[in-house]
Amino acid sequence: MPLLQGLRDALRLPNPRVDSSRRRSLLAADHLASPPPNGGSTALIVVDAQRCWYSNAANGRARTAFPALPQRLKALLEGARQEGIPVVHLRASYESSPHVSTMRRLNPSLNINPIVPDDPESWARELEGEDVIYKSTFDGFFATPLESRLEELGVTRVLICGLVTSACVLGTALGAFYRGLDVLLVEDCCADRSIERHEATVGMYSDYCFQSILARDFLGASHEDLPPAAGACGSASKQEPEVLKTVSRALSCGASVA
């Protein structure tokens, strides 16, 4: 885990307010305990929990890197429902989107399977009465009724989780940030095609455009027994990616990351 933490710390902007992981955890708890801004309410947004991105993904990278996502996201959903927090499910509906052909050309190994919007994971399926909103880009707010629906619900704070951290989760989190919402990313209820990509995304944008929290910050001590979010207890693979080697060398030399 040290190299992954080094990657995140190197990418994170210096911020005395969050100078340690323990401090960040305390701030997350304080944040959740405080009322949402402007007398509003909170909603949970589940991004693209579809079988084409996880269970049926041809490369299986997200499943391998984040095998505990089903248990953790299911627990988060149950906790939100018990608290009466509205849940909004975003679904990727991309087959007619112009960006897909470019994405497939740039990386033919991705998105081999059809992108099926109405094939959610069983552990993240909507309940009767919960909103399902279809999106055509990485940003769940772009050309969708998401913003108007949140306004109808009086929502000023959103918890965001789902797939994929560095793509649609980030795009939707930034969309919420641009609209002035208080954004909390439940980072251990998200998954990407590698632990490193996930960590880099959280490191780049946490405490900048959103605050990252853990499921236990929201669910409480009763869920401490949830399995580790990432494979191999969150540790990097034995074959260190070049980006981690570079960060490790920079940190060992005392390089500035400001």
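Tutor: S1 and S4 run parallel and are joined by seven bridges. Strands here are DSSP runs (E, at least two residues), numbered from the N terminus, and two of them pair if DSSP finds at least two bridges between them. Before we go on: this is a predicted model, where local features need pLDDT of at least 70, side-chain atom pairs count only at pLDDT 80 or more, and totals for chains, interfaces and linings use all residues. Residues are numbered from 1 along each chain as its sequence is written, and side-chain values use heavy atoms, with hydrogens and water left out.

Student: Which residue of S4 is the bridge partner of Ser 41?

Tutor: Val 155 is the partner of Ser 41. S4 and S5 (residues 182-191) pair in the parallel sense over six bridges.

Student: And what does S2 pair with?

Tutor: S1 (residues 41-47) pairs with S2 in the parallel sense over four bridges, with Leu 44 partnered by Val 87 in S2. S2 is also joined to S3 (residues 131-135) by five bridges, again running parallel. There, Val 88 stands opposite Asp 131 in S3.

Student: Why is S4 called largely enclosed?

Tutor: Look at burial, where buried means under 20% relative accessible area, exposed over 50% and partly exposed in between (1.4 Å probe, protein chains only). Nine of the nine residues of S4 (residues 155-163) are buried, so the strand is largely enclosed by the rest of the structure.

Student: How do I read the two faces of a strand?

Tutor: In a regular strand the side chains alternate between the two faces of the sheet. Now try S2 (residues 87-92), where six of six residues are buried. Val 87, His 89 and Arg 91 are on one side, with Val 88, Leu 90 and Ala 92 on the other, and both faces are covered.

Student: What is a nonpolar core, and how many residues does the largest one have?

Tutor: A nonpolar core is a set of buried Ala, Val, Leu, Ile, Met, Phe, Trp, Tyr and Cys residues joined through side-chain atoms within 4.5 Å. The largest has 65 residues, and Leu 44, Leu 150, Val 158, Ile 160 and Cys 161 have the most contacts inside it. Take Leu 150: leaving aside neighbours within four places in sequence, its contacts (heavy atoms within 4.5 Å) include Ala 43, Ile 45, Val 88 and Val 158.
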